[in-house]
Every structure is written in C-alpha cells, then in structure tokens.
Amino acid sequence: MTADDLSLDLEIVPFSRAGSYLAFSLYGHATQQQIHQASGADVHEAVYLRSVQGMAVRSSLLKIQLLADGAPVACRVRTTPAVLRLERVDQPAHYAEFCIAEHETVRVRTQGVSLRFSVEVGDSPFDIAYSPDGERVEVVAYLAGLKLALLPLDGAFTLDAPWQGSRCVYIRIDFAPVAGAAGAECVIEGYQSTRTPHAVTETFDQAAARVASEFRAWLDSTLPVPEPYAAARALAAYINWSCMVRPRGLLTRPAMYMSKNWMYKIWNWDNCFNALALARQHPEMAWDQIQVFIDNQGADGALPDHVTDATRSFRYYKPPVQGWAIRQLLRLTPAIAAERAAQVYEPLCRWTEWWFSYRDDDSDGIPQYNHGNESGWDNGTSFAEGVPVETPDLSAFLVVQMDTLAEIAALLGKADDARAWSRRADELTERLIAHSWDGTQFVSRRSGTHTVPAGDTLINYMPLLLGDRLPPEIRAALVQGVQRFVTVQGMATETPVSPLYESDGYWRGPIWGPSTHLIVDGLLACGAHALAETIQRRFCDMAAVNGMAENFDAITGEGLRDRAYTWTSGIFLMLANRLERVPDAGRSPVE
C-alpha cells in the first residue's frame, strides 16, 4: 500500500501531522470512554479542532460544522494523511477541506458551503473572541491553553460573541464566500503568547502536496513487513508519524506521544518501545525518546513518570526498562552508539541506584513497586491485595540494566565499573531466585510480609528476559508455564481461566504490545524460538485485523480503549519486520 492509498477513520485515528500540537477528532475533550465506545456512524454533525499540549485543561479548541443556508448540515468525513474533507451528505461536491500546513497552522478551503466555528465556552469565564480589524478573528481558548487567529484569504468571517456581565456567553464564528463566489479560503493559526504575522506563500494544493510528501517519505522509511501486512504497516506508520511533536518547553527533543486521542503525553517506559521502533530508520530520533526523560531526571536520580511540553510528574514512576532498551539501541545504531553510551551512562547509574535507595522498604535487597502504576501494569492482579509489592519483573529489569551498565562501562574504558556492575547483576539474580522462585514459577510477594497475592499474571514471567543467567531447569519451567497465557490472539496478561480475569480489564487479561514484546524477547533469550514466532505472528495477525489499539480482548482480538496507540503500532512494526525473514511469512494475516 502506498501513502496515497491510505484512508483514515477519524473516529479511531486523529488527523494530525508530525511536529504539531493540533489534531482533529470527532469529539471535543477526549475521554477514554468516548474513544473506546466509538459509534461507527458514517454521518456526523461536526468535527473538532483540538490542542494536545500539556497545559490544556480542555482539549477542544473549535467545533466545526458545515453550513447550508445558514444552518448546520450533516457531513461525511474523508481523511487522508494530508487532507481532512467534510462533504455534505446530500451533495458530496459541496465540501470543506483542512490541511495542517505547518506545526500550528491549518489551511482551510470550502466549495459550495460555509463553515461555523464554535468555542464550547461552558463554565469558563475567560474564553473570548474579538475582531481587531473587522476581518480576522482572535480567540483566547483559555482552558485549552492556546490562542487562535482566524485569517480570511478569500471569504469573510462573521463573529457572534455576546457578553453578559463580565464574561462571553458563547462564541460563534461563521465563515462564508464573498458574494457571488462558490468557495472560500482561510487560515487558522495557533499561538501561545504574541502572534507573529507571516505571509501565505503556498496554495492549498501546494501545502497539501508538501505534507503528503513528508508522510510518503516517512512511510518509505518505515520497517518492511510481509506483504499481507502492508495496509497495517501504512496505518502504523501514520499513527507514529502523526503523533510526533516538536521540541517545546520540557520536551527538549522531538517526542512521540502515545496518542493524540486521550493519552497525549510521553511515559518513560512507553517511549523505550517507541525508541526501538525508530532505531533503524531514525537513529537520532530513537535516542531522543530515551534522552528526553534523562533531560528531565530528578536530583534524586528518578526518571519522571510522564512528561509533556508543560508538565512532568514524579507522583509515580515506571519500570526500569531503559537498560533493556538501551542495550538493543547500542546494537541497532552502531554509528552513534559510543557517543550515546557516554551520554546515558551516569544517568542510568543514578536511575538504577534509585530503586535500591528508595524502593526497598523491608531492606531485603529486592526492590518494590509502591503502586501498580509504577509497574506499568496499573491494575494487574499482583496489586489486587495492596502495596508495596515485590514483583519479579522489577528485579529482572534491574539485572538487565546492570548488565547493560557493565557493557557501557567496558565500552567507555571503565573496567572496574564493568566488573562491579556484573557482580551486582550476579548477586541480584541469586536473590531473585531465592526470594521469588517457588519451585514451579516466579511469584510476586507483598513487601514485608512476603505473602503471595492471588491471581495468575503474566508479569511473573518477565524473568524470561534473563535467559542463560537462569538455571536450565528454571528456563524450561518458565517456557512451559508461560504457554497457558497464549490464546488464539496472543499473550493474555491474566490467564483466561483465572477468577480475576476480565475481558476488558486493562492489565487483568487483555493483550498488550509491550508485554508481548518483552515475553517474545525473553523466549528468544531462552531458546524457545518456535513459541516466540507463534506469539509474534498471532499478535501481528490480530493488529492487522483490529488496528493499533491500546490493548486487545485476549479471546476475540477486539481493539480496546484508545485505538490509535503508538507503542502498539511500533511493536507491530518490529514484530512484523521479524516475520519478514520467516519462510512462511507471506500467508494471509487472517488464516
């Protein structure tokens, strides 16, 4: 599939572009429930221009409707990577088109219709609109944290923004062709402080062609996959491309948001998977996904839970998968590996030490999570009976991270450091086995009491990542035991026969990309190549049919929650790319 063939469903995938904090959707202020319960309707009354910047209390900027004879009319939405088109249901040749020509600039043109832009003032006393020169309209979308300038190129605005007391009651801006003209054009500019006027030098078609070319180049550089996955590859490439935002504020580097639906932030373990998906084609950008969190590292050594251009949070944290990811980046980006290794070494040391200094309340040498959020498995069954919990994945990640630090230290000529990190990895592996291996599998334990929570969760199998660090009998038992999580769709996060299993239970059953990727990596490390291939193929087949959802029903494969999620699209691309080299990879993804 080529970039020009890709058609997007706006109800699932927001319309945006790389670098922009603007996005179009079929809803105003996105919620997880709205995204998950999309209607599938073909006819719509409006679309919304939204802001995904971190200071937004409300993401909706403008509600946009087609007008005929002064009244809103129903429309159908047609979306390509470069142009969003609203067509009258009864007269498709009458339409409005939108192109995000620059990061915060939207080009608009109409044919046979007028447009209405409305600001959902609600209970905000600070949203206002005014026309300083009788032509352009300025909007302060206070709760969305952005200002807008609406500039006519060929057409005219009519502003209706009455005041009552000391506030604007509502804001309605109609845009229509001048008398006798069939169409009109305008520009919407977003800005934060003082607007800098600039000339419009491109036609609408030229701007759209340039944006299409930018996406085409991104798609061409996206990881190759077997031909039956071509359509899914194009969708995954668009989601990743359109979720990039430019550096601004706390985002010191280009960053790939998880989504421009609802989860418009970066999280510190999420971005490790996105980094790996970018590594071969965009190595500098791949390292940026790791280093943007290092740029925001706390004085105590902790990496923030999440970051936006305007906010960062240390309320919770995320699992230390950076060592695992960096080890792979060192191999995937050889041209810049030594330089980047030197940059990440000290921050990675501090992040590793943080876990032993601040997350080992019972001083048993086995670090803990103080909430499910810190594991990334927010509501996983390991945390169903309270916290803190010492889950085996955490120690396994830290062992891998210590091995990575030993490798980097050796690369940097720090022989003593390399030996010390290797020794500490050996010791933690031994403690993990003594503490968490029950003779048949690893288990999670409550910190202090060391009681084992109920449930049957896949998180207990993450020590597969340790590969030949584990005794052969433990590796064999893990490979055998993990198979009870394998469904026709892939790796369930809670076994379907568990009394705590929920089909749409977030981390209590549904399939997730990161847990799949980590388990596949662990199986390969333990030599279980056939099982790893089966899991990869089932995940890719499922995503090819059901899209790049945040997670999936483990039995039916239905996409759940946010259905345009970058770590899913990135992991799909990585796993499908591996299948590119498997002999029977060319079969249909739904066989």
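1. Is Val-225 buried or exposed? In this predicted model, Val-225 has a relative accessibility of 11%, so it counts as buried, the cut-off being under 20%. You will find Val-225 in the loop between helix H2 (204-221) and helix H3 (230-242).

2. Leu-153, by contrast, is 72 residues from Val-225 in sequence, and their C-alpha atoms are 44 Å apart in space.

3. Next, have a look at a pair of helices. Helix H4 (residues 270-278) packs with helix H5 (residues 283-294) at an angle of about 165 degrees, and their axes are 7 Å apart. Angles over 145 degrees count as roughly antiparallel, and H4 and H5 are therefore described that way. Their crossing is left-handed.

4. Which residues make this contact? From H4 come Asn-271, Cys-272, Ala-275 and Leu-278; they meet Pro-283, Met-285, Ala-286, Gln-289, Ile-290 and Phe-293 in H5. Eight of the residues in the contact of H4 with H5 are nonpolar, two are polar and none is charged.

5. Finally, a word on the cysteines. The disulfide count comes to zero, with a cut-off of 2.5 Å between sulfur atoms. For Cys-349, the closest cysteine sulfur is in Cys-272, 16 Å away, which is too far for a bond. Cys-349 is buried, at a relative accessible area of 10%, and Cys-526 also counts as buried, at 16% relative accessibility.

Note on methods: Residues are numbered from 1 along each chain as its sequence is written. This is a predicted model: local features need pLDDT of at least 70, side-chain atom pairs count only at pLDDT 80 or more; totals for chains, interfaces and linings use all residues. Side-chain values use heavy atoms; hydrogens and water are left out. Axes are lines fitted to C-alpha atoms, for helices over the stretch in contact, and angles run from 0 to 180 degrees between N-to-C directions. Helices (H or I, at least four residues) and strands (E, at least two) are DSSP runs, numbered from the N terminus. Angles under 35 degrees count as roughly parallel, over 145 as roughly antiparallel, 65 to 115 as roughly perpendicular and the rest as oblique. A crossing is left-handed if the near helix is turned anticlockwise from the far one by less than a right angle, and right-handed if clockwise. Contact means heavy atoms within 4.5 Å. Ala, Val, Leu, Ile, Met, Phe, Trp, Tyr, Cys and Pro count as nonpolar, Asp, Glu, Lys and Arg as charged, and the others, Gly among them, as polar. Buried means under 20% relative accessible area, exposed over 50%, partly exposed in between (1.4 Å probe, protein chains only).
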